[in-house]
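Biologist: Please put the model on screen, and then we can go through it together.

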Amino acid sequence: PVRKAGPVTMEHVLLALHETEEEREARIRDMFDFFDTSGRGQLDYAQIEAGLAALQVPAECKYARELLRACDRDRDGRVGYDDFRRYMDDKELELYRIFQAIDVEHNGCILPEELWDALVKAGIEIDDEELARFVEHVDKDNNGIITFEEWRDFLMLYPNEATIENIYHHWERVCLVDIGEQAAIPEGLSKHVSASKYLIAGGIAGAASRTATAPLDRLKVIMQVQTTRTTVTHAVKDIFIRGGLLGFFRGNGLNVVKVAPESAIRFYAYETLKEYIMNSKGENKSAVGASERLVAGGLAGAIAQTAIYPIDLVKTRLQTFSCESGKVPSLGTLSRDILKHEGPRAFYRGLVPSLLGIVPYAGIDLAVYETLKDASRTYIIKDTGKLLLRICWHFQPFSFQFIFLDSWLL
């Protein structure tokens with residue numbers, strides 16, 4: 001049925017599936033009974049694993065533990081019918097929302113060109129052959145379009161968040177091509193997300209967050225280099241008297257020049273390292289754990305800090321520069337003076353102590369953020385989950401970067 005975009009209800013799902021409430025209830029009950037081979041009315045990990053195997057889900061695509069966690073709301077390791085039904089309700093509503101987002105013509109089906117547009121907007125590169133293979137895999141009646149029923153059947157037992165990126169990764173893993181008695185993922189299928197996605201998003205997030213917090217950063221530096229005891233109020237007045245309102249933003253241009261590439265490098269390196277770590281373990285990137293995030297985050301922070309450290313040093317010198325005339329040298333002049341009088345190694349003076357601080361800091365920062373984000377999807381209502389998570393991170397040093405990054409990537 002054709003409908004305009006708006007709030008999604010179960011009524012919309014029933015209309016799209018051409019089902020009555022009774023028919024949908026019977027379908028969900030049949031699926032639960034399919035997994036509940038013992039007839040006990042409770043599902044555990046072994047039954048879910050066996051059910052996925054009976055459905056001939058490829059071994060690489062089994063999400064038995066994730067599916068158990070998604071259904072098991074009271075965390076007792078077992079899933080009753082009510083839990084399973086709530087999962088199905090939430091999943092079908094989630095799948096219908098993204099189905100409607102892709103179906104820009106709102107004609108009740110996804111056309112190949114609409115799917116291609118959605119993938120491109122998500123930063124995923126895909127050629128005509130791969131697009132045809134994607135549609136063919138989901139389109140069970142081979143009419144060249146994807147109905148919501150086909151979309152639901154393809155993703156119903158996929159327990160992770162149904163973003164276009166996750167859906168594409170899921171398809172990569174299920175799209176196995178038989179070659180004799182072997183199966184292999186098509187060559188070139190993993191060239192999905194472009195590097196520019198995280199580089200651009202990270203750069204914009206870093207520049208915006210640093211500009212928003214520039215006055216606080218300036219105040220922090222001034223108080224750190226004071227040799228006499230001072231207060232915040234006195235420091236604020238001193239900055240204003242010496243430079244006016246713009247005095248709070250001294251060095252912010254260089255700050256942006258420093259933070260934009262730093263954020264871009266950090267976020268891109270983080271995603272790349274996560275993928276490398278999980279590929280080396282033979283697991284899906286969506287299954288990355290806290291320890292892997294900690295390692296990837298720490299290494300990404302070290303890479304980014306090393307890359308931009310000379311800019312950071314010049315920025316700190318500029319912010320703390322003082323002279324009787326009050327005239328602040330230009331960036332080029334200050335950089336040349338450092339190079340002339342102290343040599344090129346001066347630009348990396350203090351790098352080791354800086355890395356000792358940034359590695360655990362960046363690792364914990366990124367790991368805790370992603371862990372909380374995942375937890376919000378499980379324990380908090382989805383729409384309020386994002387808001388609450390961002391509020392919780394409002395006082396965290398990278399909070400603005402995460403908000404802008406999420407907004408760009410969503």
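Biologist: What relative accessibility does Leu372 have, and how does Leu372 count?

Modeller: Leu372 counts as partly exposed because its relative accessibility is 37%; buried means under 20% relative accessible area, exposed over 50%, and partly exposed in between, with a 1.4 Å probe and protein chains only. The model is predicted, so local features need pLDDT of at least 70 and side-chain atom pairs count only at pLDDT 80 or more, while totals for chains, interfaces and linings use all residues. Residues are numbered from 1 along each chain as its sequence is written, and side-chain values use heavy atoms, with hydrogens and water left out.

Biologist: Where is Leu372 found?

Modeller: Leu372 is in helix α16, which covers residues 351–379. Helices (H or I, at least four residues) and strands (E, at least two) are DSSP runs, numbered from the N terminus.

Biologist: Which residues make the nonpolar surface patch?

Modeller: Leu294, Ile364, Val368 and Leu372 make a patch of about 310 Å². Helix α16 supplies the largest share, three residues. Patch members have over 30% relative accessible area and no salt bridge; like charges are joined within 9 Å, and nonpolar side chains (Val, Leu, Ile, Met, Phe, Trp, Tyr) within 5 Å. A salt bridge is a side-chain nitrogen of Lys or Arg within 4 Å of a carboxyl oxygen of Asp or Glu. Accessible areas come from the Shrake-Rupley method with a 1.4 Å probe, and for residues only the protein chains shown count as cover.

Biologist: Why might residues three or four places apart point the same way?

Modeller: An α-helix has 3.6 residues a turn, so residues at that spacing, three or four places, point the same way.

Biologist: Now the other end. Which residues of helix α1 are buried?

Modeller: In α1 (residues 10–17), the buried residues are His12, Val13, Leu14, Ala16 and Leu17. Their cover includes α2 (21–35), α5 (81–102) and α8 (148–155).

Biologist: What follows just after α1?

Modeller: His18 comes there, with a positive phi of about 55°, in the loop between α1 and α2. At 66% relative accessibility, His18 counts as exposed. His106 also has a positive phi, of about 50°, although it is not a glycine. His106 sits in the loop between α5 and β3 (109–110) and counts as buried, at 18% relative accessibility.

Biologist: Which residues touch the most other members of the largest nonpolar core?

Modeller: Of its 34 residues, they are Leu115, Leu119, Phe134, Phe148, Trp151, Phe154 and Ile167. Such a core is a set of buried Ala, Val, Leu, Ile, Met, Phe, Trp, Tyr and Cys residues joined through side-chain atoms within 4.5 Å. Two or more residues each come from α1, α5, α6 (112–121), α7 (128–138), α8 and α9 (164–174). The most, six residues, come from α5.

Biologist: What is Phe148 in contact with?

Modeller: Leaving aside neighbours within four places in sequence, Phe148 contacts Val13, Ala16, Leu17, Glu92, Leu95, Tyr96, Phe99 and Gly108. Contact means heavy atoms within 4.5 Å.

Biologist: And Lys258: which helix holds it?

Modeller: Lys258 lies in α13 (residues 252–281). Lys258 is buried, with a relative accessible area of 7%. Not counting residues up to four places away in sequence, Lys258 touches Ile308, Ile311, Asp312 and Lys315. Lys258 and Asp312 are 54 residues apart in sequence, yet 6.5 Å apart in space, C-alpha to C-alpha.

Biologist: Finally, how many helices and strands does the protein chain have?

Modeller: The protein chain has 18 helices and six strands. Of its 410 residues, 45% count as buried.
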